[in-house]
Amino acid sequence: MEALEAIRLRRSVRKYTDRPVGDSELDRLLRLALLAPTGHNAQAWSFIVVREPKQRARLADLVLRGAAEYFAMNRPMQDRTPEEHAEWAAGYAEQALGTYRQVPVWIAGIVVPRFDFPDEPMKQRIERFGEDTSLSFALENLFVAARALGLGTTPTIFQWYFEDEYRELLGLEPEHGVHYLTPVGYPEEFPVGLRPEVAKSRRPWRTLVHDEAWGNPRG
């Protein structure tokens, strides 16, 4: 699949099979991800690849628990008690993301700071911004390359709800920055288009592009 087609067809995949991902495919995916632009050529990043079954199971459980926290926080309680709402959120997370438990690979993006300017706030701001965004570039490479190879991904931050546990699970040092996490595997099927409720709220692209200065949208 060509790059432009992979960009156009990339979707967040939340339903996976247990089909293994081969070593050569995974290595190819990682090498393509790490060709992304990086500020100062610092490569202030690392990927942690999780494949060992018990480690995968612990990670999937953590993500699903985080998803339940997110759904409980962001969905109306309606006529449920707090306890009933929490139980509903956990069930919804399992229904929506339960196949995360059989994903063969997880890839965690980690920021590894390369510079420190404690007495120069602007330099510190620039470098921290560069480190975070450079890892984002690498992850986008990974997402597009995965789609071209027939693999599914989705950027995930549900682990933030249990960050201390996540850090312990991956052996992270205090200076390491927690970034996106993604499952990598073969989807049950690739989503086509957007869910109706999402499509309805999607802004036309022209309204997001301003010519010459703010206030001149093409829409």
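Predicted model: local features only at pLDDT ≥ 70, side-chain atom pairs only at ≥ 80, totals over all residues.
**Entry 1: helix 5**

I began with helix 5, which runs over 121-148. I counted 28 residues in helix 5, and the distance from its first C-alpha to its last is 41 Å. That is close to the 40 Å expected at 1.5 Å a residue.

Next I listed its buried positions. Glu-127, Glu-131, Ser-134, Leu-135, Ala-138 and Leu-139 are among them. Leu-142, Phe-143, Val-144, Ala-145, Ala-146 and Arg-147 are buried as well. I noted the general rule that residues three or four places apart in an α-helix point the same way, because there are 3.6 residues a turn.

What covers the buried residues of helix 5? The cover includes helix 1 (3-9) and helix 2, together with strand 1, strand 2 (105-111) and strand 3 (177-184).

I also looked just past the end of the helix, where Gly-150 takes a positive phi of about 85°.

**Entry 2: the largest pocket**

I then turned to the largest pocket and recorded a volume of about 1200 Å³. The lining is made up of 32 residues, and those closest to the pocket centre are Ser-12, Arg-14, Thr-154, Arg-195 and Val-198. Helix 3 (53-74), helix 4 (82-97), helix 5 and helix 7 each give two or more residues to this lining.

Which helix gives the most to the lining? I found that helix 4 does, with 3 residues.

I sorted the lining of the largest pocket by residue class and got 17 nonpolar, 4 polar and 11 charged.

**Entry 3: His-85**

I stayed with helix 4 and looked up His-85, which lies in it. Is His-85 buried or exposed? I have it as buried, because its relative accessibility is 4%, below the 20% cut-off.

Leaving out residues up to four places away in sequence, His-85 touches Phe-71, Ala-72, Arg-75, Pro-76, Met-77 and Arg-80. For Arg-75 I also noted an atom pair: its backbone oxygen lies 3.3 Å from a polar atom of the His-85 side chain.

Asn-41 is not a glycine, yet its phi is positive, at about 55°. I placed Asn-41 in the loop between helix 2 (23-33) and strand 1 (45-50). Asn-41 counts as exposed because its relative accessibility is 58%, above the 50% cut-off.

Glu-212 is not a glycine either, and I read a positive phi of about 75° for it. Glu-212 sits in the segment after helix 7. With a relative accessible area of 82%, Glu-212 is exposed.

**Entry 4: Asn-216**

I have Asn-216 as partly exposed, because its relative accessibility is 40% and the class runs between 20% and 50%.

Which residues does Asn-216 contact, neighbours within four places in sequence aside? I found Val-209, His-210 and Asp-211. A polar atom of the Asn-216 side chain lies 3.5 Å from the backbone oxygen of Ala-213.

Key: Residues numbered from 1 in each chain as written. Heavy atoms only, no water. Buried < 20%, exposed > 50% of the residue type's maximum accessible area, 1.4 Å probe, protein only. Contact = heavy atoms within 4.5 Å. Polar contact = N/O pair within 3.5 Å; in protein donor to acceptor, adjacent residues only side chain to side chain. Helix = DSSP H or I, 4+ residues; strand = E, 2+ residues; numbered from the N terminus. 1 Å grid on protein atoms, 1.4 Å probe; cavity = no way out; pocket = protein on both sides within 12 Å on 5 of 7 lines; lining within 4 Å. Points joined across faces, edges and corners; volume = space filled by probe spheres on them. Nonpolar A, V, L, I, M, F, W, Y, C, P; charged D, E, K, R; others polar. Expected span 1.5 Å × (residues − 1).
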